[in-house]
Amino acid sequence: MSENAAHQHETQHHPHDGGAGLSGGTLAGGAAIGGPADAAATWDERYRSKPQMWSGKPNPQLVREAGGLRPGKALDLGCGEGADAIWLAQQGWTVTAVDVSAVALDRARSHEKAALARESVHAADGAIASRITWQQADLEQWQPGASFDLVTAQFLHSQELAWQGPLRTAASAVKPGGTLLVVGHHPDRLPPWGGAGHHHRGMFYTGDELVQELGLAGPDWQLEVKTSRERPATGPEGQQATIADVVVRATLLP
């Protein structure tokens, strides 16, 4: 689920910028998703129900934490409609962006094409080549097959499936010297309009729980950031609230 500054709906908890990287999740109405094929079909249907699911802006914690990093190879898990991946590419990263929904990925490609067209107008050498590889996959089963200088996993929350497995996959994909960035909703500061899903404690994690589960306090990692950051949020009917994001950033030591 995206945590965009102009987030359109705080009612669902799903990966990244509208992305649905996990099977076995639930929709806002509580309909359970089964295996990978069901997850893809359900999320495709959900994306088709709206011309745009998310704001199209990159997650603010990603911008804050990755803005000063030296660009290299990045992995964006649960990329949704592509705002984070596009922002990373614009900063010079070569990005692998993964999501379960083909509809979301089609939109992401379209958004990237529009961004490239805007950039090419100002480029002396004409058209700018894509820096993003879009992949359709279920993060519950997907394995990266490569290592990355930056792995970002934001708001991978699902009522039916544990977050531990996909985030362990994320940590395993960081190359020595690289950065892991995980952002999620703090379980004690959830939006009040979120419905029953917000009361499922197992969907969420604190910074301490995340660090312990991924072994980020061990000798192989240098923990750079472990914090909870408050921010304003707007609900689907204009409700206002202050919620909090768990932010963990760590470096895999060479």
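Read along the sequence, the protein follows the pattern α-α-β-α-β-α-β-β-α-β-α-β-β, and there are six helices and seven strands in the protein. Helices (H or I, at least four residues) and strands (E, at least two) are DSSP runs, numbered from the N terminus. The model is a predicted one, in which local features need pLDDT of at least 70 and side-chain atom pairs count only at pLDDT 80 or more, while totals for chains, interfaces and linings use all residues. Residues are numbered from 1 along each chain as its sequence is written, and side-chain values use heavy atoms, with hydrogens and water left out.

Of the 254 residues, 54% count as buried (under 20% relative accessible area, with exposed being over 50% and partly exposed in between; 1.4 Å probe, protein chains only). Among contacts (heavy atoms within 4.5 Å) with a separation of 6 or more, 71% come from residues 24 or more positions apart.

The seven strands form an open sheet in the order S3-S2-S1-S4-S5-S7-S6, with mixed pairing. Its edge strands are S3 (132-136) and S6 (221-234), each of which pairs on one side only. Here, two strands pair if DSSP finds at least two bridges between them. From one strand to the next, the twist averages 15°; axes are lines fitted to C-alpha atoms, for helices over the stretch in contact, and angles run from 0 to 180 degrees between N-to-C directions. Within this sheet, S5 (residues 174-185) and S7 (residues 240-252) pair in the antiparallel sense over seven bridges, and Val183 stands opposite Val247 in S7. Helix H4 (residues 102-121) packs on the sheet, where it touches S2 and S3, and its direction makes about 170° with that of S3. Helix H6 (residues 207-214), in turn, lies across S5, S6 and S7 and runs at about 145° to S6.

Asp99 belongs to strand S2 (residues 94-99). This residue is buried yet has no salt bridge, the nearest side chain of opposite charge being that of Arg46, 9.4 Å away. A salt bridge requires a side-chain nitrogen of Lys or Arg within 4 Å of a carboxyl oxygen of Asp or Glu; Lys and Arg count as positive and Asp and Glu as negative, with His and the chain ends not counted. The Asp99 side chain does reach the backbone nitrogen of Cys79 at 3.4 Å, and a polar atom of that side chain lies 2.8 Å from the backbone nitrogen of Gly80.

Finally, Pro166 is found in helix H5 (residues 164-172) and is buried, with a relative accessible area of 3%.

Key. Polar contact = N/O pair within 3.5 Å; in protein donor to acceptor, adjacent residues only side chain to side chain.
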